[in-house]
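Dear colleague,

Please find below the structure that I am handing over to you, with its sequence. My findings follow it.

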Amino acid sequence: MERPEPAEVRMSQAIQPAHANPRGELSAGQLLKWIDATACLAAEKHAGISCVTASVDDIQFEETARVGQVITIKAKVTRAFSTSMEISIKVIVQDMLTGIEKLVSVAFSTFVAKPVGKEKIHLKPVTLLTEQDHVEHNLASERRKVRLHHEDTFKNLMKENSEFDDPICDEEEGMVSTGGTAVQSIELVLPPHANHHGNTFGGQIMAWMESLATISASRLCRAHPLLKSVDMFKFRGPSAVGDRLVFNAIVNNTFQTCVEVGVRVEAFDCQEWSKGQGRHINSAFLIYNAVNDKEEMVTFPRVKPISKDDFRRYRGAIARKRIRLGRKYVTSHKEEVPVCVQWDISNQVSLSNANVEALKNLAAKSGWEVTSAVEKIKIYTLEEHDLLSVCVEKHVERPAHLTYHLLSDFTKRPLWDPHFVSCEVINWVSEGDQIYYITCPIVNGDKPKDLVVLVSRRRPLKDGSTYTVAVKSVLLPSVPPCPHYIRSEIICAGFLIRAIDSSSCTVSYFNQISASISPYFAGNLGGWSKSIEETAASCIKFIENATDEH
């Protein structure tokens, strides 16, 4: 029997000058049109009936494509629900002279099947042929949960943001108002703009929105904006040939080298146009980087909110950034590329010192941003290219030396950290270095995970300095991977403990998140869970309830 063909569609396009922006690069708007068309055809291939775009989200742009190169777009149904489907989209560019291929973009679309008349729809399940198909099928369910809870998560984060002082809001030299970035445009929907259902083509609307957002971003930076990602294109309703579409774009907030631009689309038919009563049919939030004429990354000026609406958009951008972190680093599947080193007793001193220095260097980096602040606990994140790091800062009412003693003994970690099921010393290398075997709970219905880590401990050389507990995965031949666990990796993590006075201290926990441990940070990064805050609170309680004899 012939194996069933996956519900996949491929589109290949040679990039012509008409597809490019003034820099000779494929315009993001044109790419969005191709992406939407390919995804729609993949959805209809699976459903067997007409389908319409409900939303396009998690769009990440990794590379640019230039005139003369060839774009290939692969769209595939990852999971079908009762009437909707998630489509996974992958865009590859190939240089025709060298044959080299690069990943340009990844994205996910949700399409809804359109029944004929009153016919009820129940989509058939997706045929899963490979291990990767099964992985994406499971992740599709997680991504759907994020989408369905997006509004509630956003509202909760907005409430949380209003309850603590945002340091970015403090007055600072060079801050700018976003009033000058407001842009409005209008388009009359003509027959060439319609899709095969007679409605305005979703890809065309996205292209118009991207064009206006680019103008808005350029007004703030006076440089060349480059679309880096799209939070979400949400289609709230249809428009048709003859409608007037009014687009409004404005900068909401800036985050060092990126800027968020919000775009709103309203549709008017003839009667609505004369009355000034439009229909809100689409919204999107686009994130840009920018480069100058020397191709150097531009740092955006900080935004100064003035009006009530400015503050709403400003804080909304902060909330969406946090949700994006969760979606980007958790609901996508990345292959783990091991970077841990082989443990070598003859090289113990060098490996131990490198472990400690890596933690100190991570803590000293600039660009840490507050994402949450509740009572004694603050959470910071740091994004560097494809790396995400987290810092959890806690105020503890116990002496620094006692806190260090408790946190540097990892056999006590399961007493307060639910992410650690067991933790045992398998090699007591020295007073300052131990190797532990750690098991972790099941997450996302997968196997439980395990770790082999080197813990390097350092007391301060003088009073008032910092206690250090550095953690890094190592390869130990005597503890090979077990089939009952997924061997995972800690790239760089640990505690820095600083005394405030003789009876209290600040504990900062750092973790440079690897793909294998990112699921444990999932809900908290995205704002739909309080797992990090709850673990931090448990840690504080454990330390403050401990006796000096411990």
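A salt bridge is taken here as a side-chain nitrogen of Lys or Arg within 4 Å of a carboxyl oxygen of Asp or Glu. The model is a predicted one, in which local features need pLDDT of at least 70 and side-chain atom pairs count only at pLDDT 80 or more, while totals for chains, interfaces and linings use all residues. Residues are numbered from 1 along each chain as its sequence is written, and side-chain values use heavy atoms, with hydrogens and water left out.

Confidence

The mean pLDDT (the predictor's confidence in each residue, from 0 to 100) of the protein is 88, and 91% of its residues reach 70 or more. Helices (H or I, at least four residues) and strands (E, at least two) are DSSP runs, numbered from the N terminus. Where pLDDT is low, the predicted coordinates should not be read in detail.

Salt bridges

By the above criterion the structure holds 29 salt bridges. Aspartate 309 takes part in one with arginine 312, at 2.5 Å from N to O, and in one with arginine 313, at 3.4 Å. Arginine 312 and aspartate 309 are about one helical turn apart, because three residues separate their positions in helix H6 (residues 308-330). Arginine 313 is in H6 as well, four residues from aspartate 309, again about one turn of the helix.

For solvent exposure, buried means under 20% relative accessible area, exposed over 50%, and partly exposed in between (1.4 Å probe, protein chains only). Arginine 312 is partly exposed at 48%, as is aspartate 309 at 37%, whereas arginine 313 is buried at 8%.

A further salt bridge joins arginine 457 to glutamate 431, with the closest N and O atoms 3.4 Å apart. This pair links distant parts of the chain, 26 residues apart: arginine 457 belongs to strand S17 (residues 449-458), and glutamate 431 to the loop between strand S15 (422-428) and strand S16 (433-439). Arginine 457 is buried at 14% relative accessibility, while glutamate 431 is exposed at 59%. Elsewhere, a network of salt bridges links Asp57, Glu86, Glu136, Arg143 and Arg147.

Strands

Two strands are said to pair if DSSP finds at least two bridges between them. Strand S21 (residues 504-513) has an antiparallel partner in strand S14 (residues 387-396), joined by nine bridges, and another in strand S20 (residues 492-501), also joined by nine bridges. Valine 390 stands opposite asparagine 511 of S21, and the bridge partner of arginine 498 is threonine 506. S20 and S21 form a hairpin with two residues between them.

How many residues of S21 are buried? The count is ten of ten. Ser504, Thr506, Ser508, Phe510 and Gln512 are buried on one side, and Cys505, Val507, Tyr509, Asn511 and Ile513 on the other, which leaves both faces covered.

Valine 52 has valine 112 as its bridge partner in S5, and valine 93 stands opposite lysine 102. The hairpin of S4 and S5 has six residues between the strands, and in it glycine 99 takes a positive phi near 80°.

Aromatic rings

Rings of Phe, Tyr and Trp (its six-membered ring) pair if their centres lie within 6.5 Å; planes under 30 degrees apart count as stacked, over 60 as edge-to-face and the rest as tilted. This rule gives eight aromatic pairs. Phenylalanine 268 and tryptophan 273 form an edge-to-face pair, 5.2 Å centre to centre with 80° between the planes. Phenylalanine 268 is buried at 7% relative accessibility, and tryptophan 273 is partly exposed at 40%.

Phenylalanine 410 and tyrosine 436 form a tilted pair, with 5.5 Å between centres and 40° between planes. Phenylalanine 410 lies in the loop between helix H8 (400-407) and S15, and tyrosine 436 in S16, so the pair ties together parts 26 residues apart in sequence. Phenylalanine 410 is buried at 1%, and tyrosine 436 is buried at 1%. Ring pairs link Phe410, Phe420 and Tyr436 into a cluster.

Yours sincerely
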